[in-house]
Amino acid sequence: MALTLFARRPEPVEAPAPEPWPEIGETWKPEGVTIAQRYYNQAHAVVLVYTTDEGPHGTYYSVACLGCHYATRENGKRTYSTRYSLADAATVANEHATTCRALPRDIPARPDDDTVRERLHAWVRGARRRDEDRQLWVSDLDLVRLTLQRSNDWIVDVLNQLVVDEPEILRIERSQYSDYVSYYARRLPEN
């Protein structure tokens, strides 16, 4: 009888099927994000490897866990080219998935336009410093793109409108050699 207790093996647990997004009937595809790879952690929460666009020096990837709140986009051990390539991001995602035991959370709901607009305005205001104007990059938002769920073009339009509405907070510099546009959070006024 004692041998039968030790001979039992638990039934293998299959990973749950990805949840379809109700509006399109497909697996979750947040706007503004291209999901390159998915991993399951130990409790079947999804760990995503995603990109937001191709940068001037190639495509960079970010990693986010939909179980815990883990998110990363850079390797802090390097002194140059700190953004993840696909291979680096896959390694980081796999390492996180093998150690994370967080239960799956619900897929983030897509916020309305006014909410996202206010988050972007708060981000710009929070970036302001007393000593100098601070350059802002749309890629700085990569870690929160799964909650913003908007394309780069949409975000750029909001930033351009903020420049028009509140020029004392944000300014634009256009390159004289290309179509490149830089955004700068203006320095805080001195009291």
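**View 1. Burial and overall make-up of the chain in the predicted model.** Of the 191 residues of the chain, 35% count as buried, and the model from which this value is computed is a predicted one. The accessible surface of the chain comes to about 12,500 Å², and carbon and sulfur atoms account for 52% of that area. Five helices and 11 strands make up the secondary structure of the chain. When contacts between residues at least 6 apart in sequence are taken together, 54% of them join residues at least 24 apart.

View 2. Four strands, in the order 3-4-7-8, form an open sheet in which the pairing is antiparallel. At its edges are strand 3, covering residues 34–40, and strand 8, covering residues 71–72, each of which pairs on one side only. Inside this order, strand 4 (residues 46–51) and strand 7 (residues 62–65) are paired in the antiparallel sense over four bridges, and Tyr50 has Ser62 of strand 7 as its bridge partner. Strand 7 also pairs with strand 8, again in the antiparallel sense, over two bridges, and these two strands form a hairpin with five residues between them.

View 3. Which residues of strand 7 lie on each side, and are they buried or exposed? Ser62 and Ala64 lie on one side and Val63 and Cys65 on the other, and all of these are buried, so that both faces of the strand are covered.

**View 4. Helix 2 across the sheet, with His96.** Helix 2, residues 86–99, lies across strand 3, strand 4, strand 7 and strand 8, and runs at about 30° to strand 3. His96 has its place in this helix, and because its relative accessibility is 12%, below the 20% limit, His96 counts as buried. Leaving out residues up to four places away in sequence, His96 touches Val47, Cys65, Cys68 and Tyr70.

**View 5. Cysteines without a disulfide.** A disulfide is a covalent bond between the sulfur atoms of two cysteines. How many disulfides does the count give here? The count comes to zero, with the cut-off for a pair of cysteine sulfur atoms set at 2.5 Å. For Cys65, the closest cysteine sulfur is that of Cys68, and because the separation is 3.7 Å, it is too far for a bond. Cys100 is likewise in no disulfide, the nearest cysteine sulfur being that of Cys68 at 3.9 Å. Cys65 is buried, with a relative accessible area of 2%, and Cys100 is buried as well, with a relative accessible area of 7%.

**View 6. The largest nonpolar core and a second one.** The largest nonpolar core has 18 residues, and those with the most contacts inside it are Leu120, Val124, Leu136, Ile155, Leu159 and Leu170. Helix 3 (113–127), helix 5 (152–165) and strand 11 each supply at least two residues of this core, and helix 5 gives the most, with six residues.

**View 7. Leu120 in helix 3.** Leu120 is found in helix 3 and, because its relative accessibility is 1%, it counts as buried. Apart from residues up to four places away in sequence, Leu120 touches Leu141, Leu148, Trp154, Ile155 and Val158. Leu120 and Leu159 are 39 residues apart along the chain, and their C-alpha atoms are separated by 7.9 Å.

**View 8. Leu170 and the hairpin of strands 10 and 11.** Strand 10, residues 170–174, and strand 11, residues 181–185, pair in the antiparallel sense over five bridges, and together they form a hairpin with six residues between them. Leu170 stands opposite Ala185 of strand 11. Which residues is Leu170 in contact with, leaving aside its neighbours within four places in sequence? They are Val124, Leu136, Leu159, Leu162, Val163, Tyr183, Tyr184, Ala185 and Arg186. Among these, Val124, Leu136 and Leu159 are listed, like Leu170, as having the most contacts inside the largest nonpolar core.

Conventions:
Residues are numbered from 1 along each chain as its sequence is written. This is a predicted model: local features need pLDDT of at least 70, side-chain atom pairs count only at pLDDT 80 or more; totals for chains, interfaces and linings use all residues. Side-chain values use heavy atoms; hydrogens and water are left out. Two strands pair if DSSP finds at least two bridges between them. A nonpolar core is a set of buried Ala, Val, Leu, Ile, Met, Phe, Trp, Tyr and Cys residues joined through side-chain atoms within 4.5 Å. Buried means under 20% relative accessible area, exposed over 50%, partly exposed in between (1.4 Å probe, protein chains only). Contact means heavy atoms within 4.5 Å. Axes are lines fitted to C-alpha atoms, for helices over the stretch in contact, and angles run from 0 to 180 degrees between N-to-C directions. Accessible areas come from the Shrake-Rupley method with a 1.4 Å probe; for residues, only the protein chains shown count as cover.
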